[in-house]
Amino acid sequence: MRNKVIYAIAFITILASCGEKNELESKKEKLSQYKKEVKELQSKIEDLKKEIAKEDTAYQNQVARNAVLVNTKPAEVREFKHKIDIRGSVESKRNVMLSSETGGKIQSIRVTEGQAVQAGQTLATLDASIIRNNIEELKTSLELAEAVYKRQANLWEKNIGTEIQYLEAKNKKEALERSLATAYSQLDQSVIKAPFSGTVDKIPAREGELAQPGMPLIRLVNPGSLYIDADVSERYVGDFKTGDLVELYFPVQDKTVTSKVSSVGQVVNPDNRTFSVEVQLPKLDFPVKPNQVVILRLVDYTVEDAIVVPSEVILSDKDGKFLYTATKKDGTTVARKTRVEIGESQDGMTEIKQGLNNSDLVVTAGYRNLSDGVLIKPVERTTETAHL
């Protein structure tokens, strides 16, 4: 008995669910039918308005007064360029951290931060007393070796002595000469000199510290060899070439200058999927420093005769993009909902690839109050109509 009751309840629930579903479908069908009827009525209303306007001048004037005020402008045909903004930085081909080639205690630092130096100028020295003592010993040994070699050579010319004695004396002299040259090279390595003219930017080393090969001692910068370096996504491979114009924006100074691409990298970095672009830094009337941020504006897309319209007039619905154009119909001007295919946008203007001709009048103000077929009245753009 209990099972029969459960089955009965389940059956009633299913019937109720089916009834709700059928009722929902019925409502959807009615909605679709009503929309269709409204559309047909709207069409009939518009036809009646036109017929009445032809026979009744007063009504025609009233309709004209009710027309939506708009501004129109012919579709513009011109060269269109799309630009991308890339973050770059100021770099220097002569921005180096000098270090010691040999070990030793830092004996003296002969420059200060911010000081201008010339190429070859001594910047710092290491303690080289051991090397100097070694040089003195080698000089003494070399003097003896040279004297022995000269005597042995004189004897050999007179056929006195053996050839082995002569060759041994010669070899010893030459070996000491090479050892002395090596010692002088080691002595030279104890002196840190400027490889080029520039400005001392930073001195991390201190007198009395023990320097090791590769240890940073002095940073030297030449501000006259600056350039801009930026990493560009691989999606733009092939879009840029050497000689292309580029705008450089310096956010700190709020300045913009124009330059050219000096080189384009030929290899994509596998770590960040970018390639490098280098830009010449033109002569500036304001100071910049290495590692300063710069925004590069590069042209990646150009069309010679593109149809462009203000980006703000392009609207969207479920079917895609559209804008309103003004067209003549039965002696009046009406708005026409024109479907368009858009391209790139730049500086408030958008390229129209399809759907618009250069002879079309585009509604540029008042378009938000329009619908397809609405009567419009184009007027000159004024302060009052600019906000329609």
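Two strands are taken to pair if DSSP finds at least two bridges between them, and the close-up views below, all drawn from a predicted model, begin with pairing of this kind.

**View 1. Strand β1 with its partners β22 and β21.** Strand β1, which covers residues 68-74, pairs in the parallel sense with strand β22, residues 376-378, over three bridges. Within this pairing, valine 70 has proline 378 of β22 as its bridge partner. Strand β1 also pairs with strand β21, residues 361-365, here in the antiparallel sense and over four bridges; in that pairing the bridge partner of lysine 73 is valine 362 of β21.

**View 2. An open sheet of four strands.** The strands follow the order β7-β6-β4-β9, and their pairing is antiparallel. The edges are formed by β7 (191-193) and β9 (210-211), each of which pairs on one side only. Strand β4, residues 104-109, and strand β6, residues 122-126, are joined in the antiparallel sense over three bridges, and isoleucine 106 stands opposite leucine 126 in β6.

**View 3. The largest nonpolar core.** This core has 24 residues, of which Ile228, Leu248, Phe250 and Leu296 touch the most other members. At least two core residues are supplied by each of β2 (76-92), β11 (226-233), β12 (245-250), β13 (255-264), β14 (274-280) and β15 (293-310), and β11 gives the most, with four residues. When its neighbours within four places in sequence are left aside, leucine 248 is in contact with a set of residues that includes Ile228, Lys255, Val257, Val279, Leu281, Pro282, Val294 and Leu296. A second, separate core consists of 21 residues, among them Val68, Val313, Ile352 and Tyr367.

**View 4. An aromatic pair formed by tyrosine 236 and phenylalanine 240.** The structure holds four aromatic pairs. In the one shown, the ring centres of tyrosine 236 and phenylalanine 240 are 6.2 Å apart and the ring planes stand at 35°, so the pair is tilted; the reasoning rests on the cut-offs, by which planes under 30 degrees apart count as stacked and those over 60 as edge-to-face. Tyrosine 236 and phenylalanine 240 are both buried.

**View 5. Lysines placed over aromatic rings.** Lysine 173 lies over the face of tyrosine 149, at 5.3 Å from the ring centre. Lysine 337 lies over the face of phenylalanine 322, at 4.4 Å from the centre of that ring.

Conventions: Residues numbered from 1 in each chain as written. Predicted model: local features only at pLDDT ≥ 70, side-chain atom pairs only at ≥ 80, totals over all residues. Heavy atoms only, no water. Phe/Tyr/Trp six-rings, centres within 6.5 Å; stacked < 30°, edge-to-face > 60°. Buried < 20%, exposed > 50% of the residue type's maximum accessible area, 1.4 Å probe, protein only. Lys NZ or Arg CZ within 6 Å of the ring centre and 35° of its normal. Core = buried A, V, L, I, M, F, W, Y, C linked by side-chain atoms within 4.5 Å. Contact = heavy atoms within 4.5 Å.
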